[in-house]
Amino acid sequence: MGHAPLFARLRRRRQRSGGAVAWLALVAGTWLTLPSAAQDADAPLSAAPEAPAVSTLASDTPGTAALTGDSLVDRGRYLFDAALCAGCHTAEDGMALAGGRPIESPFGTFYTSNITPDADYGIGDWSDEDFVRALSEGISPAGKHYYPAFPYTSFTKLTREDMLAIKAYLGTVEPVAQPNRPHDLVWFAGWRWPLGIWKAIYFESGTLSPDASRSETWNRGAYLSEAAAHCAECHSPRDLLGGIKQSERYAGADDGIEGGGTPNITPDKETGIGAWTADMLAFYLEIGMEPDGDFAGGAMAHVIEQGTGRLSAADRAAIAEYILSLPPISR
Ligand code: HEC
Ligand code: HEC
């Protein structure tokens with residue numbers, strides 16, 4: 001097949017990242033028992049589905065919202081899944097979206113916030129402006145900066161309408177009266193004011209402007225990858241202050257935000273996924289099977305189970321088109 005070096009590389013990489021992302025082990029475990037995954041484990045690559053027609057915007061997965069003709073809440077739910085809000089905002093054994101999930105970082109442990117519509121402990125009394133400001137500027141209703149462990153660095157690229165759709169969906173979930181747990185950070189990271197400086201260096205607020213020289217599907221893929229699914233947040237190396245090294249964006253990280261490494265997903269032939277076709281990548285984003293028949297582990301299993309696996313086939317194809325169009329970076 002001529003792919004032996006790639007497969008060997010994939011396997012080596014798995015050993016490196018295996019088990020590193022402990023908080024997702026449970027999710028990965030359940031996901032691996034899904035019938036579609038089990039059944040296709042030994043299937044040849046030709047079992048990968050044909051690339052869908054671009055016009056197939058409606059979902060092919062039961063329980064997944066279609067993109068057109070839906071209510072605001074359905075649309076919000078779809079984007080909420082794509083953006084993986086639930087995974088970060090739900091603690092193991094905790095109430096859905098009530099926060100408290102620990103996120104380890106070189107600066108200490110962050111605990112996610114309660115984003116249920118509880119008026120006292122959640123975001124039930126937030127205005128539309130409060131919500132849009134949090135996602136697009138990383139600023140709380142009280143005017144404080146958020147830590148970029150909350151990936152508003154990506155969510156800022158969501159359109160205002162899409163942010164408000166997510167808010168509409170969040171308004172329909174069960175309110176939980178659970179106070180937020182304070183972060184447990186090294187002393188110098190405990191202050192929020194230096195985040196203003198951090199943001200001045202690393203953060204640019206604002207939505208993506210469509211690239212007219214590219215196809216509609218490419219632009220859709222760019223939007224989903226950059227604004228919602230925040231692929232680059234995990235797949236890019238960071239500097240000492242935790243900012244993404246833009247020159248190596250998507251080229252993989254030795255330490256991901258959850259402590260494990262992530263592979264280079266630029267289409268570099270040697271060190272990235274340059275040997276993958278768009279079909280292979282879309283298939284991987286659907287059920288997690290790599291071209292060598294191996295399965296995604298760690299944080300990526302969770303991304304697929306909660307996020308990309310719930311998108312429409314057309315949206316997965318759009319993400320694959322975009323990712324494979326990135327400049328190849330050898331890293
Ligand atoms: C990678 C993990 C992660 C993901 C994904 C994530 N968040 Fe968060 N979020 C956080 C963390 C950590 C904080 C706390 C930030 C702080 O205290 O500065 C936070 C804070 C928030 C807050 C502020 C709550 C408050 O009481 O001030 C809102 C609102 C929020 N997130 C909404 C969302 C939405 C909506 C999504 C999906 C579009 C999302 N988050 C996805 C980690 C995440
Ligand atoms: C929460 C962090 C996180 C996010 C967000 C994320 N990934 Fe990943 N990704 C990982 C990790 C960790 C791995 C390694 C998985 C493994 O060990 O099997 C991975 C593996 C991959 C691989 C396999 C590459 C290889 O060479 O084996 C691809 C392709 C990929 N991700 C694409 C994406 C795309 C596209 C997105 C956005 C839609 C995305 N990822 C979002 C963490 C993430």
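Asp-93 is located in the loop that joins H5 to strand E1 (102–105), where helices (H or I, at least four residues) and strands (E, at least two) are DSSP runs numbered from the N terminus. The model is predicted, so local features need pLDDT of at least 70 and side-chain atom pairs count only at pLDDT 80 or more, while totals for chains, interfaces and linings use all residues. Residues are numbered from 1 along each chain as its sequence is written, and chains are lettered from A and ligands numbered from 1 in the order in which they are written.

**Overall architecture**

- The protein has 14 helices and three strands.
- Of its 331 residues, 42% are buried; a residue is buried if 20 or more other C-beta atoms lie within 10 Å of its own, exposed if 12 or fewer, and partly exposed in between, with C-beta atoms placed from the backbone.
- Among contacts with a separation of 6 or more, 65% join residues 24 or more positions apart; two residues are in contact if their C-beta atoms, placed from the backbone, lie within 7 Å.

**Positive phi values**

- Asp-93 is not a glycine, yet its phi is positive, at about 65°.
- Asp-93 counts as exposed because it has 7 C-beta neighbours inside 10 Å.
- Tyr-250, in the loop between H11 and H12, is another residue other than glycine with a positive phi, near 75°.
- Tyr-250 has 28 C-beta neighbours inside 10 Å and therefore counts as buried.
- Gly-288, which follows H12, has a positive phi near 90°.

**Surroundings of ligand 1**

- Ligand 1 is surrounded by 21 residues, of which Ala-83, Cys-85, Cys-88, Tyr-146 and Phe-150 are the closest; a residue is near a molecule or strand if its C-beta atom, placed from the backbone, lies within 6 Å of it.
- Helix H5 (residues 85–89) contributes the most to this shell, with three residues.
- The shell around ligand 1 comprises 17 nonpolar, four polar and no charged residues; Ala, Val, Leu, Ile, Met, Phe, Trp, Tyr, Cys and Pro count as nonpolar, Asp, Glu, Lys and Arg as charged, and the others, Gly among them, as polar.

- H12 is largely enclosed by the rest of the structure, because seven of its ten residues are buried.
- The buried residues of H12 are Leu-281, Ala-282, Phe-283, Tyr-284, Leu-285, Glu-286 and Ile-287.

**Helix H6 and its packing on H8**

- H6 and helix H8 (residues 160–170) pack at an angle of about 115°, with 10 Å between their axes; axes are lines fitted to C-alpha atoms, for helices over the stretch in contact, and angles run from 0 to 180 degrees between N-to-C directions.
- H6 is therefore roughly perpendicular to H8, a class that covers 65 to 115 degrees, whereas angles under 35 degrees count as roughly parallel, over 145 as roughly antiparallel and the rest as oblique.
- H6 contributes Asp-128, Phe-131, Val-132, Leu-135 and Ser-136 to the contact, and H8 contributes Arg-160, Met-163, Leu-164 and Lys-167.
- The contact of H6 with H8 contains five nonpolar, one polar and three charged residues.
- Ala-134 belongs to helix H6 (residues 128–137) and counts as buried because it has 22 C-beta neighbours inside 10 Å.
- Leaving aside residues up to four places away in sequence, Ala-134 touches Ile-139, Ser-140, Tyr-146 and Tyr-152.
- The C-alpha atoms of Ala-134 and His-145 are 8.8 Å apart, with the two residues eleven apart in sequence.

**Packing of H10 on H14**

- Helix H10 (residues 216–228) packs with H14 at an angle of about 90°, with their axes 7 Å apart.
- The two helices, H10 and H14, are therefore roughly perpendicular to each other.
- Thr-217, Trp-218, Arg-220, Gly-221, Ala-222, Leu-224 and Ser-225 of H10 meet Asp-315, Ala-317, Ala-318, Ile-319, Glu-321, Tyr-322 and Ile-323 of H14.
- The contact of H10 with H14 consists of eight nonpolar, three polar and three charged residues.

**Trp-193**

- Trp-193 lies in the loop between strand E3 (184–185) and helix H9 (194–202).
- Trp-193 counts as exposed because it has 8 C-beta neighbours inside 10 Å.
- Trp-193 and Tyr-146 are 47 residues apart in sequence, with a C-alpha to C-alpha distance of 9.7 Å.
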